[in-house]
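Subject: Structure handover

Hello,

Here is the structure I said I would pass on. My notes on it follow below.

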Amino acid sequence: MPTPRHTPVPVRASLDRRAFLRGLSLTGLAVGTTGMLSACGTESQVQDADKCVSEDRSAEEKDLVFSNWPEYIDVDGKKMPTLEGFQKQTGIDVTYNTDINDNNEFFAKVKDQLGGCESIGRDIITLTDWMAARMISLGWIQELDKANIPNVEANLKSSLRAPSWDADRSYSVPWQSGLTGIAYNAKYTKEVGSFEELMTRPDLKGKITLLSELNDTMLFMLLLEGADPEDFTEDQWASAIERLEKYVASGQVRQFTGNDYIRGLNSGNILACEAWSGDVIALQYENPDIKWVAPEEGLSIWSDNMLVPNKATHKTNAESLMNYYYEPEVAATLAAWVNYICPVEGAQQAMEKVDPSLVENPLIFPTEDFLAKTYGFMELDEKTRQKYDRDFARAISG
């Protein structure tokens, strides 16, 4: 295993995973909110492969530009061992960028180019399920050649093979999966076992945080309404938004964050929060008082997915990288560093060589029983997504 996640984790540089508000307080919220609202007008930017033709130069150009989230690949000093292994194995030179800090913010950055059938200068982008679905529905993503990704075909976990938004994984390959639940600091508070407790306990008032991603936070608001987050009505959505507004108005919620909740949770300034599983695993090596809870209402489950955007010129090279990361030992090495759910069959066995202490970790290799009470978020059409973004932005701004 590369130098590790066992070293005290520098709060993942607060740049881990899916958040835009890295290290910021509520002053940064307006930026995130702007990102939510900047996605208007995309219906007229729908593309299709017949009209927006992409040329693959992989045969003559052994290059690849890969955009990912920060702190989302194994690192050993200044090296990225698995990525260097890929370059050595294939002769493909990878430019690895950590320029995806938030789904909405990235969408706003590239929508005009992709909507106009123009290159965004990237061969792989890595986006969360709902945003991957959105880009696929707009026709902005190239279809994959499954002959080039046999490891994916053989080793992708069965539970991830058929999402409603890409039923046969023609356009997407999971990079990592994760869970959203509750974390609390046992040094300062007793266990928080449910979202109902998190949102109503008087001793937690003003000392909790929720996540600034709509799907994460609203999934739990819907569960509290007794709705199914994977199949809910407009009335249930309206009730869930009203519920969130009441919690904000009551002062229960200190702020909405990306994973900068880690700092406050670690110090005790935040007693409990909505949290991502990988962050909590990493923080527990530094602070054993940090506890993870699967809320009584259930867990949110999601994946971040590798996609090849239109006009990317190294599609076959991108598929080679996807295929490489579905080799079980490579997948285990990556999972041991990033601490999220590994989507690759065989990686749990390979983890015996990489880091035996992680073989039975349910937040990296969850059992079927553990996953039985997990929920995704209902797929939304473009018009509804824009409306819900506006509703959520209004609710979290108070």
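The charged end of Arg134 lies over the ring of Phe107, at 4.2 Å from the ring centre. This is a predicted model, so please read every distance here as computed from it. Arg134 also takes part in a salt bridge with Glu382, at 2.6 Å from N to O. Because Glu382 belongs to helix H15 and Arg134 to helix H4, this contact joins parts of the chain 248 residues apart in sequence. Both Glu382 and Arg134 are buried.

The structure has 14 salt bridges in total. Another of them pairs Arg243 with Glu225, with 2.7 Å between the closest N and O atoms. Arg243 sits in helix H8 and Glu225 in the loop between H7 and H8, 18 residues apart. Glu225 is partly exposed, at 30% relative accessible area. Within helix H8, Glu242 and Lys246 are 4 residues apart, about one turn of the helix, and their side chains form a salt bridge of 3.6 Å, N to O. Here Glu242 is partly exposed, with a relative accessible area of 42%, whereas Lys246 is exposed, at 56%. There is also a salt-bridge network, made up of Glu234, Glu245, Lys387, Asp391 and Arg394.

On to the aromatic residues, where 15 pairs were found. Phe66 is in strand S1 and Tyr96 in strand S2, 30 residues apart, and both residues are buried. The Trp302 and Tyr340 pair counts as tilted because its planes stand at 55 degrees, with the ring centres 5.6 Å apart. Trp302 lies in strand S9 and Tyr340 in the loop between helix H12 and helix H13, so this pair connects parts 38 residues apart in sequence. Trp302 and Tyr340 are both buried. These two pairs belong to one aromatic cluster, whose members include Phe66, Tyr96, Trp302 and Tyr340, along with Trp175 and Tyr324.

Last, the largest pocket, which holds about 740 Å³ of space. It is lined by 35 residues, and those closest to its centre are Asp129, Trp165, Ile301, Gly376 and Phe377. Elements that give two or more residues to the lining include helix H7, strand S9 and helix H15, while H4 gives the most, with 5 residues. By type, the lining has 14 nonpolar, 10 polar and 11 charged residues.

Regards

Definitions and conventions
Residues are numbered from 1 along each chain as its sequence is written. This is a predicted model: local features need pLDDT of at least 70, side-chain atom pairs count only at pLDDT 80 or more; totals for chains, interfaces and linings use all residues. Side-chain values use heavy atoms; hydrogens and water are left out. On a 1 Å grid over the protein atoms alone, a cavity is a set of points where a 1.4 Å probe fits but cannot get out, and a pocket is an open set with protein on both sides within 12 Å along at least five of seven lines; lining residues have an atom within 4 Å of a point. Grid points are joined across faces, edges and corners, and a volume is the space filled by probe spheres set on the points. Ala, Val, Leu, Ile, Met, Phe, Trp, Tyr, Cys and Pro count as nonpolar, Asp, Glu, Lys and Arg as charged, and the others, Gly among them, as polar. Rings of Phe, Tyr and Trp (its six-membered ring) pair if their centres lie within 6.5 Å; planes under 30 degrees apart count as stacked, over 60 as edge-to-face and the rest as tilted. Buried means under 20% relative accessible area, exposed over 50%, partly exposed in between (1.4 Å probe, protein chains only). A charge sits over a ring if NZ of Lys or CZ of Arg is within 6 Å of the ring centre and within 35 degrees of the ring normal. A salt bridge is a side-chain nitrogen of Lys or Arg within 4 Å of a carboxyl oxygen of Asp or Glu.
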